[in-house]
Amino acid sequence: MIISTIAIYLLKRLSKYIKKLNIKKKTTIKDIANVLNISPAAVSKALHDDSRISEKTKKAVRQIAENLNYQPNHLASALRKGKSNLVGVIVPRTNSNFFSSVIQNIEEVLNKEGYNIIITQSNESYKKECANIDTLLFTQVDGIIASMANETVDLAYFEKIKSKGIPLILFDRGENDLNVDYIGINDYDSSHMIVEHLVNQDCKRIAHIGGFKRTRIFNNRIRGYIDALKKHNLPLDNELLIESSLTTEDGREKMTELLALKNRPDAVYVAGDYAALGALQILNEQDINIPEDIALVGFGNEPFTSMVTPTISSINQHSSEIGKQAAETFLNHMKKKTINQSLNKIILDAELIIRDSSNKKSLS
């Protein structure tokens, strides 16, 4: 096989640079330019398919870039263009069907418009949440879509995002004081819906294992619970209102405390499905009839709620719609350039999925 003189020359230069690059961490545009004996500017234009560069040069640049395993520096590109086509997403945890479904729908909508997402999780830690925000800002993301950590009280880091002129969209957990876009369900009405359902099942002593009231959504659920009890002339007993982190272990611990009361509840409304699962485990372990002796309702409609025995009644939070609306809200800001203006507050109606754990009347 005959190889042209130019090809031999390029192969020799490439071999020489590969040896040098063994001690380098990353190939640069300058490395490609040196192999081809052209300017770095010409390489950059070729990689961006600039019409001023010949097809022959573009092909040579792409071939050398592939051989040298060149990876574009997106951060540098974002700094030059003022746009990265990256959107940061911050969630408290990714092992929840609700959050993973929101992420999936955010990504599907944004990918169609040429955006990629960077997913970070706070693990409910304020400190980690702040670190996530710093990382995303350093990466020059075009926007941030977030759900706050349980520990978050100080809003300074979210104000920092706003001060950079970057769209900030909050979902599920967010604070009114920030005055940013928000997408979620009506948490207050959800509690009313649950208490109403339990009252219709002839429950009269309804406990609530809630989240921490310092977080707006859990405060709204607690307020809804209290007001619904008043509406039905049911007593508000402080020992039946418990705050927690809503983990499975919390559900086990708090249900054990409720069962130790002299006057046990006949129903328990839990503000998170993982904690509801823990509560269900304790009830089953202690051979308590569900829902005859104690009815149980969770929140979030996690997939396992329809798989356990008995199945758990729960609130459907419309995660798919929340994800789509959050992504569309970001895109609207980018298209109209209305950052921190014309703010969206989208509150979706929740849906109570009634299953075996609270459906007493289906037994009669």
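Which residues of helix α3 are buried? Hi everyone, let's start there, and please keep in mind that this is a predicted model.

Helix α3 covers residues 40–47, and its buried residues are A42, V43 and A46. Viewed down the axis of α3, those buried residues fall within an arc of 100 degrees, so they line one face of the helix. What do they pack against? Their partners are α2 (29–36) and α4 (55–67).

D49, at 46%, counts as partly exposed.

On to salt bridges elsewhere: the whole structure has 16 of them. One joins the side chains of K162 and E159, at 3.9 Å from N to O. These two sit three residues apart in helix α8 (residues 156–163), so about one helical turn separates them. E159 is partly exposed, with a relative accessible area of 34%.

Another salt bridge pairs E196 with K231, with 3.3 Å between the closest N and O atoms. This pair links distant parts of the chain, 35 residues apart: E196 lies in helix α9 (residues 187–200) and K231 in helix α10 (residues 216–231). E196 counts as partly exposed at 27% relative accessibility, while K231 counts as exposed at 53%.

Finally, back to D49 and K58: salt bridges with shared partners join D49, E55, K58 and R62 into one network.

How values were computed. Residues are numbered from 1 along each chain as its sequence is written. This is a predicted model: local features need pLDDT of at least 70, side-chain atom pairs count only at pLDDT 80 or more; totals for chains, interfaces and linings use all residues. Side-chain values use heavy atoms; hydrogens and water are left out. Buried means under 20% relative accessible area, exposed over 50%, partly exposed in between (1.4 Å probe, protein chains only). Helices (H or I, at least four residues) and strands (E, at least two) are DSSP runs, numbered from the N terminus. The arc is that of the directions from the helix axis to the C-beta atoms. Contact means heavy atoms within 4.5 Å. A salt bridge is a side-chain nitrogen of Lys or Arg within 4 Å of a carboxyl oxygen of Asp or Glu.
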